[in-house]
Every structure is written in structure tokens, then in C-alpha cells.
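Please look at the sequence and the 3D structure shown below. The paragraphs that follow lead through the model one part at a time.

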Amino acid sequence: MPRTTIHQEAPAHNRPLVATENLKKHFTIEESLLARYLAGAKNRVVRAVDGVSIQILPGETLGLVGESGCGKSTLGRTIVGLYEPTEGDVRFQGKPLWGQGSMPKSALRRQAQIIFQNPYSSLNPRHTVRQIIGVALAARGVRPEDREVETVGLLRRVGLGSDHIDRYPHQFSGGQRQRIGVARALATNPEFVVADEPLSSLDVSVQAQIINLLQELQEEYGLTYLFITHDLRVAYHMSHRVAVMYLGQVVESADTDMLYENPLHPYTQALLSAIPSVDASHRANRILLEGTVPTPIDPPAGCRFHPRCRHRMPICEQEAPNLVPVQTRMQTGAAHRSAKRMGDESANGSATEVVNEVVNGRINNGANDMMKNVVRRKERTNINRMDAQHLVRCHLHIR
Ligand SMILES: Nc1ncnc2c1ncn2[C@@H]1O[C@H](COP(=O)(O)OP(=O)(O)OP(=O)(O)O)[C@@H](O)[C@H]1O
Ligand code: SF4
Ligand SMILES: [Mg+2]
């Protein structure tokens, strides 16, 4: 995509502020007694988030992208403690949110905030701005007599005036309401903010203002963001790193520049190719995704993306690829690890080492037959280097 934006420098710290380990959040949909009695129907389980491991470093923005229903909001809400995980763990500053030794919920509510997609429904229509922000200030322990000064300060910081303090949400425009949502999130003095599609209900010009505001606030307060969006251009502009979600799982994550310049997963490639462009050559290279997103109630076996993947092979229907680090420790890609299935005894080294060999074009004498086959296939079908990298990565079956 055209490089019209200047990226923020990635922060230098290495210890994650937020980390999830094999995080799962499933919802059970209970069938009615009648359906159970007459049709033998069973309760169904929605696997909204199904094994996500991510890390977010202090001061950085991790963009979270993916199609509608892939589990972005559920992941965001589980990370800030609004949902209890079905399995796995969320850690904030190294402390678990749930179970033994977990951090107190009141401390979490102060340090981790969420900005919602729809600023109107997320603000109580019967409360004035003073009351809305006052609740958050009280959570931080601000004395009642100090709250007005604090509220006015916050309103000014997000571009509103002191005269707005006694108005109700319906007396504001969409952009102003989102600014109130931002002010409310800031009121607890948080370190971490989940911004869940904060721009999607706003006009383009207002979107730009909110993006700038969020970036300024990040710099000023050292905030860490999980920025959820289905707009890949916004994710590019906002994020230091981007994670791509599909059907409850992260399929690829990388530094923003790396991901946009060299997407490795076919799903990421398809998403990026669908970004609207005035460039005719870009439009011609668009990858059309086959079919629709399968339901998270009964996700496909093997690689969840296989029903829609143009590179799928029989193994993809049986075996899900693992994420392995590729190129740099920040980029991950998918690789099957079961060498024996292919009768491949010659793949040496870790999945990462072998994949990096291939990704960096250093295919040498140590390359196994599978690699060579993939490369031959690449030559035969004239697919580009990126595709070949993915084929190798997914189907090498590295030990
Ligand atoms: N409380 C709930 N009960 C049952 N199913 C739910 C619940 N919340 C979400 N889901 C289901 O979980 C899946 C993921 O939903 P989620 O809202 O996290 O997706 P999303 O990626 O945020 O989508 P969008 O881009 O449309 O906001 C969907 O199939 C959704 O229907
Ligand atoms: S090539 Fe196979 S493993 Fe890789 S994304 Fe496609 S279906 Fe999944
Ligand atoms: Mg959502």
C-alpha cells in the first residue's frame, strides 16, 4: 500500500505489560427445554477466542485486525477482565487476572480501560458528563471536591470545553461523544487501554481527529493500546505491531511495516489485497477470499482457514499449523511440525531456523525434498515468492 504515513517508533522496553497464554473464551448457547426434548438438541459452544497467545509491550500499540465475528472484541474484553477466560491466562504486569495470586479487580479497573465502538450506547443517557467522568474519578480515589477541576482538565485535554460538563450524551455529536469516552477512560489514569473500533461510527474527518488524539495521549501519558479495527489502513497508521485474527485465533503477527510489506499468511495476504486502492495494478492483484467465514460454533478441523485458502493441501484439513517465529522474533507464521507424516528425515534445526532459511531465500543443500518440491511447484505455477514462502512454511512439516 502507498506509504503516506509516518510510523511511530516502536518502544524499546521488552517486558510485556499485557500477555495472554493460550487464552480461550467460549460462550455456551443454551437450547430451550422443548428443543432439547423434541429434537435432542444440545447446548452449543461458541469458540469466540480459542487459544490466543499475545504480548503487548509498554508504550506500544498492538493493532488487532480480522473480519467481523473473528473474536476481536471478545479478546479485548477478556484481556481487561470483563470476561473470565474459559481456559488460559491473562497477565497484567506479570500478575494473573484470575486464580491464585491474581491482582485485585479494583486495581485492574484503574489500570486497564476500554473505549467502546459505539460512543452513544456506552455512555449512560441519563447521566451528565460530570457524573459519567465522576464515577471513573471516584474509582481512582479522587475526592468529591476535586472532581470538577479534574473533569474540566480531562475535557480540555480531549478537545471539549468546561461548558460541556453538565450536558447529557444526546447533546453531543458522535465525535464529541467518543471524546467523552476517551476522557472517561483517561480518568482512572490507566496504563493500558483497549480501543475497540473507536472510529467505526464516525465520519472520516472525525476519525482522523480521534486518531491524532489517541496518538498524542499515548505520547503524553505513555499509554499502551490494544487497537481493534477491521480497517487495515487505520491499523497501519496506529500500530507498532499488528496481529491478524481468524476464527478465534491469531494467524500471524509482526511489526507493522513487516506485515504490510511481506504478509506471509494467505489470510493476511487476502485482507491486505482487499484494501481499496486507486492503483489499477493493485486492484488487479486482489485476492478474492472464497466462501464465507465459518461459524465459531463448529470451526473447520485442521487449519481453520482451509475451506477458503487458495493454497490448501490435504494435510491442512487434518492438522493445524503452529505459529513459529520468522525473520525476527516479533513476526510469527504458521508451520506444521510433524516431519514424520511426510517421511521427511532430513529437516535439521528448529522450525524457526528452517523457515528463516526459506524465507530469506537461502535454500541450500540441506533443503529437504519437500522444500524442493515446493520450489519446483513455485516455478511451475509461477506463483510469487511470498506464496512460495507460505507454502514452504505451512507444508514443510518441520520437526
Ligand atoms: N456474549 C456472547 N454470547 C454468545 N456469543 C457471543 C457473545 N459475544 C460474542 N459472541 C460470538 O463470538 C464471536 C466473536 O464475536 P466478537 O464480537 O468478539 O467478534 P468481533 O471480531 O469483535 O466482530 P465485529 O468486527 O463484528 O465487532 C461471534 O460469533 C459472536 O456472535
Ligand atoms: S496453506 Fe494450509 S495451513 Fe496454510 S493457511 Fe492455507 S490451509 Fe492453512
Ligand atoms: Mg467487535
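F92 belongs to strand β5, which covers residues 87-92. The model is a predicted one. A residue counts as buried when 20 or more other C-beta atoms lie within 10 Å of its own. F92 has 23 C-beta neighbours inside 10 Å, and therefore counts as buried. What is F92 in contact with, leaving aside its neighbours within four places in sequence? The contacts are V18, L97, M103, L108, Q111 and A112. F92 can also be set beside L17: the two are 75 residues apart in sequence, but their C-alpha atoms are 5.7 Å apart in space.

One of the contacts of F92 is A112, and A112 leads on to strand β7, residues 112-115. In a regular strand the side chains alternate between the two faces of the sheet. In β7, A112 and I114 point one way, while Q113 and I115 point the other way. All four of these residues are buried. β7 pairs with strand β8 (residues 192-196) in the parallel sense, over four bridges. Within this pairing, I114 stands opposite V194 of β8.

Strand β10, residues 241-246, is mostly covered, since six of its six residues are buried. Here R241, A243 and M245 point one way from the strand, and V242, V244 and Y246 point the other way. β10 pairs with two strands described here. With β4 (residues 61-65) the pairing is parallel and has four bridges, and L64 stands opposite A243 of β10. With β11 (residues 249-255) the strands run antiparallel and six bridges join them. In that pairing Y246 stands opposite Q249 of β11. β10 and β11 form a hairpin with two residues between them. L247, in the turn, has a positive phi of about 45°.

L323 lies in strand β12, residues 322-326. Is L323 buried or partly exposed? L323 has 18 other C-beta atoms within 10 Å, so it is partly exposed. L323 and E252 are 71 residues apart in sequence, and 7.5 Å apart in space from C-alpha to C-alpha.

The next topic is a pair of helices. Two packed helices are described by the angle between their axes and the distance between the axes. Helix α4 spans residues 129-139 and helix α5 spans residues 147-157; their axes come within 10 Å and cross at roughly 110°. The two helices are therefore roughly perpendicular to each other. On the α4 side, the contact is made by R130, I133, G134 and L137, and on the α5 side by R147, E150, T151 and L154. By class, this contact has three nonpolar, two polar and three charged residues.

The model also holds ligand 1, with 13 residues around it. Of these, F27, A48, S68, S73 and T74 come nearest. Both β2 (44-52) and α2 (72-79) supply at least two residues of the shell. The largest share, three residues, comes from α2. The shell divides into five nonpolar residues, seven polar and one charged.

Last comes the chain as a whole. Its secondary structure comes to 14 helices and 13 strands. The chain has 399 residues, and 39% of them count as buried. Among contacts with a separation of 6 or more, 66% are between residues 24 or more positions apart.

Methods. Residues are numbered from 1 along each chain as its sequence is written. Chains are lettered from A and ligands numbered from 1 in the order in which they are written. This is a predicted model: local features need pLDDT of at least 70, side-chain atom pairs count only at pLDDT 80 or more; totals for chains, interfaces and linings use all residues. A residue is buried if 20 or more other C-beta atoms lie within 10 Å of its own, exposed if 12 or fewer, and partly exposed in between; C-beta atoms are placed from the backbone. Two residues are in contact if their C-beta atoms, placed from the backbone, lie within 7 Å. A residue is near a molecule or strand if its C-beta atom, placed from the backbone, lies within 6 Å of it. Ala, Val, Leu, Ile, Met, Phe, Trp, Tyr, Cys and Pro count as nonpolar, Asp, Glu, Lys and Arg as charged, and the others, Gly among them, as polar. Axes are lines fitted to C-alpha atoms, for helices over the stretch in contact, and angles run from 0 to 180 degrees between N-to-C directions. Angles under 35 degrees count as roughly parallel, over 145 as roughly antiparallel, 65 to 115 as roughly perpendicular and the rest as oblique. Two strands pair if DSSP finds at least two bridges between them.
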